[in-house]
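This report is meant for a reader who meets the structure for the first time. Please keep the sequence and the model in view while reading.

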Amino acid sequence: MRIDIVAVGRLKKGPEAAMVADYLDRFAKTGRSLGLPAIRIHEVEDKRGGGMLAEAELLTRSIPDGAAVVMMDERGDQPTSPDFATRIAGWRDGARDICFVIGGADGLDPSLRQRADWQISLGRMVWPHMLVRVMLAEQLYRAATILAGSPYHRA
């Protein structure tokens, strides 16, 4: 099993990058005993200014074949953290790779969203795409702790 995050833009050094690295490191440590691999990040950048369609082409090239594709989209489902953990466990148990996709500032092209196995939203508000990485990384770590029975998730 592989877990990838494919995102538009390069995360520069700073608080967001530090938080993503911290949560993904925690995920790797917690997930190892649960059969969850370390998460790999693939960043793409459209330097020609082609918009969402050009970003969709770059993102598509980075999505592993056969992976369950989870699009981070404001119009998506709003699962609880335990529901999110259950879905990840199901893909793990089915030996299916997972690829989380984060679009750029303008979101995801509709043609790319149609490819999603699941579209999820981190709330009804729109979040900066760089901050979505932090929030997704934290939710992935939280999912691992839920599956491990850790007290991190208190709800």
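## Salt bridges

Glu-43 is partly exposed, with a relative accessible area of 26%; partly exposed covers the range between buried (under 20% relative accessible area) and exposed (over 50%), computed with a 1.4 Å probe on protein chains only. The model is a predicted one, in which local features need pLDDT of at least 70 and side-chain atom pairs count only at pLDDT 80 or more, while totals for chains, interfaces and linings use all residues. Residues are numbered from 1 along each chain as its sequence is written, and side-chain values use heavy atoms, with hydrogens and water left out.

The side chain of Glu-43 meets that of Arg-133 in a salt bridge, at 2.6 Å from N to O; a salt bridge requires a side-chain nitrogen of Lys or Arg within 4 Å of a carboxyl oxygen of Asp or Glu. This pair links distant parts of the chain, with Glu-43 in strand 2 and Arg-133 in helix 5, 90 residues apart. Helices (H or I, at least four residues) and strands (E, at least two) are DSSP runs numbered from the N terminus. Arg-133 counts as buried because its relative accessibility is 3%. Arg-10, Glu-43, Glu-45 and Arg-133 are linked in a network of salt bridges.

In the whole structure, a search finds 12 salt bridges. The table gives three of them, including the pair just described.

| Salt bridge | N to O distance |
|---|---|
| Glu-43 and Arg-133 | 2.6 Å |
| Arg-26 and Asp-22 | 3.1 Å |
| Glu-138 and Arg-142 | 2.9 Å |

Arg-26 and Asp-22 both belong to helix 1, where they stand four residues apart, about one turn of the helix. Arg-26 counts as partly exposed at 31% relative accessibility, and Asp-22 counts as partly exposed at 34%. Glu-138 and Arg-142 are likewise four residues apart, about one turn, and both lie in helix 5. Both Glu-138 and Arg-142 are buried. An α-helix has 3.6 residues a turn, so residues three or four places apart point the same way.

## Aromatic residues and the cores

The structure holds five aromatic pairs. Rings of Phe, Tyr and Trp (its six-membered ring) pair if their centres lie within 6.5 Å; planes under 30 degrees apart count as stacked, over 60 as edge-to-face and the rest as tilted. Phe-84 and Phe-100 form a tilted pair, 5.9 Å centre to centre with 55° between the planes. The pair joins distant parts of the chain, since Phe-84 lies in helix 3 (residues 81–93) and Phe-100 in strand 4 (residues 98–102), 16 residues apart. Phe-84 and Phe-100 are both buried. One aromatic cluster is formed by Phe-84, Trp-91, Phe-100 and Trp-118. Arg-87 lies over the face of Trp-118, at 3.9 Å from the ring centre; this requires NZ of Lys or CZ of Arg within 6 Å of the ring centre and within 35 degrees of the ring normal.

The largest nonpolar core has 30 residues, and those with the most contacts inside it are Phe-27, Phe-84, Ile-88, Phe-100, Leu-136 and Leu-140. Such a core is a set of buried Ala, Val, Leu, Ile, Met, Phe, Trp, Tyr and Cys residues joined through side-chain atoms within 4.5 Å. Helix 5 gives the most to this core, with eight residues. Apart from this core lies another, of 14 residues, among them Val-44, Leu-58, Val-101 and Leu-112.

How does the span of helix 2 agree with what its 12 residues should give? At 1.5 Å a residue, helix 2 (residues 51–62) should span 16 Å, and its end C-alpha atoms are 17 Å apart, which agrees; the expected span is 1.5 Å times one less than the number of residues. The buried residues of helix 2 are Glu-55, Ala-56, Leu-58 and Leu-59.

Ala-68 is in strand 3 and is buried, with a relative accessible area of 0%. Leaving out residues up to four places away in sequence, Ala-68 touches Trp-91, Arg-96, Asp-97, Ile-98, Cys-99 and Asp-117, where contact means heavy atoms within 4.5 Å.

Ala-95 lies in the loop between helix 3 and strand 4. Ala-95 counts as exposed because its relative accessibility is 64%. Although Ala-95 is not a glycine, its phi is positive, at about 55°.
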